[in-house]
Amino acid sequence: MVKLKNISEQYSGNDDSDEDYLESDDNDEDCLESDDNDEDYLESDDNDEDYEQNDPNIETSIDGTIWQKIQNESEPGRSQCHNIFKEKSGPTGYAKRNIMKGKVNTAFSLIIDDSMLDYIKTCTELEACRVLGSKWSLTRADLQAFVAVLYARGAYQARNLNIACLWNKKWGPAFFTQTMSRNRFTEIMKFLRFDKKSDRTQRLQTDKFTLISKVWYAFIENSQNCYKPGANITVDEQLYATKTRCRFTQYMPNKPDKFGIKFWLASDVKSKYILNGFPYLGKDEARSPSTPLSEFVVLKLTEPFLKCGRNVTTDNFFTSISLAKKLLAKRTTLVGTIRRNKRELPKPAKVMKDDMVRFSTQLYKSDNCTLTIYKSKPNKKVLLLSSMHKFVHIEKTGKCLPETIQFYNTTKYGVDMTDQMARKYSVKSKSNRWPVHVFFNILDLASINAWILYKETTGEKISRQDFLFQLAEELANDDAEIKKPDTGTSSNSKAISDNRKTCQIRYCNKNKATNVCSQCNKYVCGKCSMERPSICKNCCVE
């Protein structure tokens, strides 16, 4: 009986343990309540995000870009790896081997080479033969003399002067009459062409610029072969003023000349040398629809100069954060003003009227890009984006200019200075054909590049006007001496009569002539003559 009693007591003890297990279940409920508390902790994390959004030093743009305000007392540190430029800039070895001191034509011939002149000569002869229906020849010496007259006219700043005044025997410079007759000059201008008309229709289907594209891109290629840019490159637009009938003429009301052909150009900041360029022809099929025009232009112009630690300076048309990131991926930085309507900018950059004090600066940073907000006027803010400056130093005196603004002011004017130099001594002349105006622009830019090459290679200090005069003289004297007045002692020289009579060859409109053909002894005007000494077209054909 005692044993049974003990066993019953054991069972009764087990029942008490079951009650303990039930109590442990109640403890499990307490553990579930603790999980609810964990959810409260997660909700507190969301509150932390709300706290970050309410942080006055953090701004979020419309497209979700997060900007963090940084202090403007930061001192500049070491240059970043993508800002280290190690290449040697200036004329290439090819240019140094071919340019000789005292002969400026050696520099010009590297930019406008013989193959370009021969191609223009061939196209011009084909057009003249097609129009006249007879043989018409143009030597390279005549084409060089034609270019020499254009450069001399530009150096005299006489582009708005009547062409007859330049060949005036009493008031005009002697260089023009000694180099080429006025009729010969106008005749070459009339037939001047830069492509072959036989296959022009097929080429126009794929290239709107085909009437002169071969000459333009040959000029760009030669310019790149002769010069290596420095650490800073400027990208900007050029509007070459013309009102000729053209499919891609642009109207830009903010330019001095409202109408013209737009060119995208890249130039070296230090020397103002033109490095790359192409015309704006409207919609480009080579550009992806997802790529903005501004990014396409900058990437195409700077493609030969990337991955070397250079910097590109642009204006507010080109600058964007996406472009800065694409250039950084290729070890190239971007500095430029940016428009305040960009979606990636923070709210303080878009507000015009606020509590900012004049000449004060706010700095924001997002990834590797630094945004500078500088209040230059009571109701105007300058917005500048830079992937080059990690820290921005601000002056303590004067207008308190930030370092980024100063750098932009010293690197932005490259293309603008080149355009200003081209306008001062431009070879531009009256013409109703847009390819001729593009050729004038090529000559203007080529003379600037040749002038820079000659100065940096030889070390000679020469003004651009003197360079143009010397270049015109050397082009006129190349392969032929400047024409001198004939004395009549040579049987092969051109005979000149004291009396002016009507031209007897009659390809003209009854022009007056004092020259006599050296073979048939008939009076011949400049339009009806073919060569020097004068030979009429009839004798030349025979």
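The legends below describe close-up views of a predicted model.

Residue numbers start from 1 along each chain as its sequence is written. Because the model is predicted, local features need pLDDT of at least 70 and side-chain atom pairs count only at pLDDT 80 or more, while totals for chains, interfaces and linings use all residues; side-chain values use heavy atoms, with hydrogens and water left out.

**Figure 1. Overview of the chain.**
The chain holds 18 helices and 16 strands. Helices (H or I, at least four residues) and strands (E, at least two) are DSSP runs, numbered from the N terminus. Of the 542 residues, 46% are buried. Buried means under 20% relative accessible area, exposed means over 50%, and partly exposed lies in between, for a 1.4 Å probe and protein chains only. Among contacts between residues at least 6 apart in sequence, 61% join residues at least 24 apart. Contact means heavy atoms within 4.5 Å.

**Figure 2. Helices H5 and H17.**
The axes of H5 (residues 140–155) and H17 (residues 464–477) come within 8 Å and cross at roughly 160°. Axes are lines fitted to C-alpha atoms, for helices over the stretch in contact, and angles run from 0 to 180 degrees between N-to-C directions. H5 and H17 are therefore roughly antiparallel to each other. Angles under 35 degrees count as roughly parallel, over 145 as roughly antiparallel, 65 to 115 as roughly perpendicular and the rest as oblique. The crossing of H5 and H17 is left-handed, meaning that the near helix is turned anticlockwise from the far one by less than a right angle. On the H5 side, the contact residues are Gln-144, Ala-145, Val-147, Ala-148, Tyr-151, Ala-152 and Ala-155. They meet Gln-465, Leu-468, Phe-469, Leu-471, Ala-472, Leu-475 and Ala-476 in H17. By class, the contact of H5 with H17 has 12 nonpolar, 2 polar and no charged residues. Ala, Val, Leu, Ile, Met, Phe, Trp, Tyr, Cys and Pro count as nonpolar, Asp, Glu, Lys and Arg as charged, and the others, Gly among them, as polar. An α-helix has 3.6 residues a turn, so residues three or four places apart point the same way.

H4 (residues 114–132) and H10 (residues 213–226) have axes that come within 10 Å and cross at roughly 170°. H4 and H10 are therefore roughly antiparallel to each other. Met-116, Tyr-119 and Ile-120 of H4 make the contact with Lys-214, Val-215, Ala-218, Phe-219 and Asn-222 of H10. The residues of this contact divide into 6 nonpolar, 1 polar and 1 charged. The axes of H4 and H5 also come within 10 Å, crossing at roughly 100°. That makes H4 roughly perpendicular to H5. Here Asp-114, Leu-117, Asp-118, Ile-120 and Lys-121 of H4 meet Arg-140, Leu-143 and Gln-144 of H5. The contact of H4 with H5 has 3 nonpolar, 1 polar and 4 charged residues.

**Figure 3. Surroundings of Asn-441.**
Asn-441 is in helix H16 (residues 434–458). Its relative accessible area is 0%, so Asn-441 is buried. The side chains of Asn-441 and Gln-238 are joined by a polar contact of 3.3 Å. A polar contact is a pair of N or O atoms within 3.5 Å; within protein, one must be able to donate a hydrogen and the other to accept it, and residues adjacent in sequence count only if both atoms are side-chain atoms. Not counting residues up to four places away in sequence, Asn-441 touches Trp-216, Gln-238, Tyr-240 and Phe-263.

In H11, 8 of the 10 residues are buried, so the helix is largely enclosed by the rest of the structure. The buried residues are Ser-294, Glu-295, Phe-296, Val-297, Val-298, Leu-299, Leu-301 and Thr-302. Their cover includes strand E5 (232–241), E7, E8, strand E9 (311–314) and H12. Lys-300 also lies in H11 (residues 293–302), but Lys-300 is partly exposed, with a relative accessible area of 34%. Leaving aside neighbours within four places in sequence, Lys-300 is in contact with Asn-276 and Phe-278. Lys-300 and Asn-276 are 24 residues apart in sequence and 9.1 Å apart in space, C-alpha to C-alpha.

**Figure 4. Two loop residues with positive phi.**
Most residues other than glycine have a negative phi. Lys-272, which is not a glycine, has a positive phi of about 70°. Lys-272 is in the loop between strand E7 (259–268) and strand E8 (274–279), and counts as buried at 12% relative accessibility. Arg-331, also not a glycine, has a positive phi of about 55°. Arg-331 lies in the loop between helix H12 (321–328) and strand E10 (333–337), and is partly exposed at a relative accessible area of 38%.
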